[in-house]
Amino acid sequence: MPDNKWVADLKTVLQVAKARLDVREKKKTEQVAKERYVVADYVRNNKIPRARIAVEHLVREDYKIEAMDRIEAYLDTLLMRMQLIKDRPKNGAVDPAIEQPLANVLWAAPFLTQDIPELGQLTSMFKKHFGPEYVVMCEQNKLGMVDVDLLRCLSCDLIPKLLIEKYLVEICRSQNVAFEPDQTIMAQDEFWTIGQRYVQHPAVNDDKKPPPPPSNGGASSGGGGGGHLDFPTVPASQPSAPAFDKSPPVYPGVSFSHARVTIRFVFLS
């Protein structure tokens, strides 16, 4: 079990590394935003090859910013789980709760040490605590726990030409600079190809317009009315009262005439 001084030093280094990562992220983000204007000027001055080289650098910087953000989150996780690092079991096993953040930090440390020197200090401190063999396995990703996105961000692979061309199109669009992308490169993008086909050959639906409705005067009662149906006219008859089975009774002094009833009062002397 490590002493209290080692734990306190580890906590301090983690906090400093986390703070430095946050500062470097903000500075790189501002720098990338400024370099976008430079790329737009290259395109405006018809320096397309130079603009593509500058865009490739921007893509790598964006990848590094994303990687720094992920490492900052892993350092924060290790800070919250310091007790699991301190209370290491006697058999030397690493707690599963800190295994993944630890593997990601140790793997990314060689790529980011130039910007964040504290990551190199963390590697040396973890070598003393977990052993050099375990640290080497994490640095080579033999445990297979490094995040796939982190591998993509910090890998040394070539940037795809399609991604560079898309970056260039988006930068020119945001800066209102006219730019025609390379057709052979953009043809690799399926959605862009479909959009170009639609722009070049718009769909025409004139032949498929629905026929106009028939006029009232042109309708005929015959069978060849051009789609017009003649519905039978139903007379709107008023409901009639039921007929009396026999004549109504006669009352003295009362006469029935149509809808008006006249009542005469007869005074008997």
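**View 1. Helices H4 and H6 pack at an angle of about 75°.** In this predicted model, H4 covers residues 96–112 and H6 covers residues 132–139, and their axes sit 7 Å apart. Angles from 65 to 115 degrees count as roughly perpendicular, so H4 is roughly perpendicular to H6.

**View 2. Here are the residues where H4 meets H6.** On the H4 side, look for Glu99, Leu102, Ala103, Leu106 and Trp107. Their partners in H6 are Tyr134, Val135, Cys138 and Glu139. Sort this contact by class and you get seven nonpolar residues, two charged ones and no polar ones.

**View 3. Helix H8 runs from residue 161 to 174.** Its 14 residues reach 20 Å from the first C-alpha to the last, close to the 20 Å expected at 1.5 Å a residue. Just after H8 comes Asn176, which takes a positive phi of about 55°.

**View 4. Which residues of H8 are buried?** They are Leu162, Ile164, Glu165, Leu168, Ile171 and Cys172. What covers them includes helix H1 (4–44), helix H2 (48–80) and helix H9 (183–186).

**View 5. Zoom out, and the protein shows 10 helices and two strands.** Starting at the N terminus, the elements go α-α-α-α-α-α-α-α-α-α-β-β. Of the 269 residues, 32% are buried. If you take the contacts with a separation of 6 or more, 73% of them join residues 24 or more positions apart. The protein exposes about 19,000 Å², and carbon and sulfur atoms supply 56% of that area.

Terms used
Residues numbered from 1 in each chain as written. Predicted model: local features only at pLDDT ≥ 70, side-chain atom pairs only at ≥ 80, totals over all residues. Heavy atoms only, no water. Axes fitted to C-alpha atoms, helices over the stretch in contact; angles between N-to-C directions. Helix = DSSP H or I, 4+ residues; strand = E, 2+ residues; numbered from the N terminus. Parallel < 35°, antiparallel > 145°, perpendicular 65-115°, else oblique. Contact = heavy atoms within 4.5 Å. Nonpolar A, V, L, I, M, F, W, Y, C, P; charged D, E, K, R; others polar. Expected span 1.5 Å × (residues − 1). Buried < 20%, exposed > 50% of the residue type's maximum accessible area, 1.4 Å probe, protein only. Areas by Shrake-Rupley, 256 points an atom, 1.4 Å probe, with all protein chains shown as cover.
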